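User: Hello! I am new to this structure and would like to learn how to read its features. Could you guide me?

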Amino acid sequence: MKLLPLIGPLLLSASPAAAGDYLYLRCKCSADIVTTESKSFKILDDRTIDDIALLKIDFKQKTVLDARSPAALGYTLQNKTMTIIQKIDDDEMKVNSVDKIELIPPYSWSGSGTIILKSKNVTRNYSYEEGSCEEIDASVFDEALRK
């Protein structure tokens, strides 16, 4: 899936690991996901899942990459909050999501969005209000990227 599930925070001066061009994070959250039929809005599934994302934040390029995603996403930074907005509309899906990460330890993470899977005629609305991230070594991210 092209969706960047969840996303990570940083402040260049926040810590020794953030002092360089990159910051690597492991972010954990619980997401509430409601799946409905796109036309009838009939609820097909309503559940909470636990998710872990490994993130690489590139401060020079202003991008964030989830080890599970094919490409990095851009972000904006305002008042020490990283905001990642994702909008996709292709043949397979339509995605509209916003993730926010506070760039001051302890890194907190929140987000919500809608994913429409066009071929399956379903809509997934998700939100996570509480999540946390911790710094990890670059080798942990690189290993996950190879899998």
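This is a predicted model: local features need pLDDT of at least 70, side-chain atom pairs count only at pLDDT 80 or more; totals for chains, interfaces and linings use all residues.

User: Let's start with charged side chains. How many salt bridges does a search of the whole structure find?

Analyst: The general idea is that side chains of opposite charge can pair when their charged atoms come close. Here, the search of the whole structure turns up seven salt bridges. One of them brings together the side chains of Lys-60 and Asp-21, with an N to O distance of 3.7 Å. This pair links distant parts of the chain, 39 residues apart. Lys-60 sits in the loop between strand 2 (43-58) and strand 3 (63-66), while Asp-21 belongs to the segment before strand 1 (22-37).

User: Are Lys-60 and Asp-21 buried, exposed or partly exposed, and what are their values?

Analyst: Lys-60 has 64% relative accessibility, so it counts as exposed. Asp-21 has a relative accessible area of 35%, which makes it partly exposed.

User: Which residue forms a salt bridge with Arg-68?

Analyst: Look at Asp-51: the closest N and O atoms of Arg-68 and Asp-51 are 2.7 Å apart. Arg-68 is partly exposed, at a relative accessible area of 42%, whereas Asp-51 is buried, at 14%. There is a network to find here too: salt bridges link Asp-51, Asp-66 and Arg-68.

User: What about a salt bridge in a helix? Where do Arg-146 and Glu-143 lie, and what separates them?

Analyst: Both are in helix 1 (residues 138-146). Because they are three residues apart there, about one helical turn separates them. Arg-146 is exposed, with a relative accessible area of 61%, and Glu-143 is partly exposed, at 37% relative accessibility.

User: Now the cysteines, please. Which residues does a disulfide join?

Analyst: A disulfide is a covalent bond between the sulfur atoms of two cysteines. The count in this model comes to one disulfide. That bond joins Cys-27 to Cys-133, with an S to S distance of 2.1 Å. Cys-27 lies in strand 1 and Cys-133 in strand 10 (residues 131-135), so the pair ties together parts that are 106 residues apart in sequence. The torsion about their S-S bond is about 110 degrees, and therefore the disulfide is right-handed. Both ends are buried: Cys-27 has a relative accessible area of 0%, and Cys-133 has 9% relative accessibility.

User: Why is the sulfur of Cys-29 too far from the closest cysteine sulfur for a bond?

Analyst: A disulfide needs its two sulfur atoms within 2.5 Å. The closest cysteine sulfur to that of Cys-29 is in Cys-27, 8.5 Å away, so the distance is too far for a bond. Cys-29 is buried, with a relative accessible area of 7%.

User: One last stop, a loop. Where is the place of Ser-119?

Analyst: You will find Ser-119 in the loop between strand 8 (107-117) and strand 9 (122-128). Ser-119 is exposed, with a relative accessible area of 70%. To compare sequence with space, pair it with Asp-91: these residues are 28 apart along the chain, and 8.4 Å separates their C-alpha atoms.

Notes: Residues are numbered from 1 along each chain as its sequence is written. Side-chain values use heavy atoms; hydrogens and water are left out. A salt bridge is a side-chain nitrogen of Lys or Arg within 4 Å of a carboxyl oxygen of Asp or Glu. Helices (H or I, at least four residues) and strands (E, at least two) are DSSP runs, numbered from the N terminus. Buried means under 20% relative accessible area, exposed over 50%, partly exposed in between (1.4 Å probe, protein chains only).
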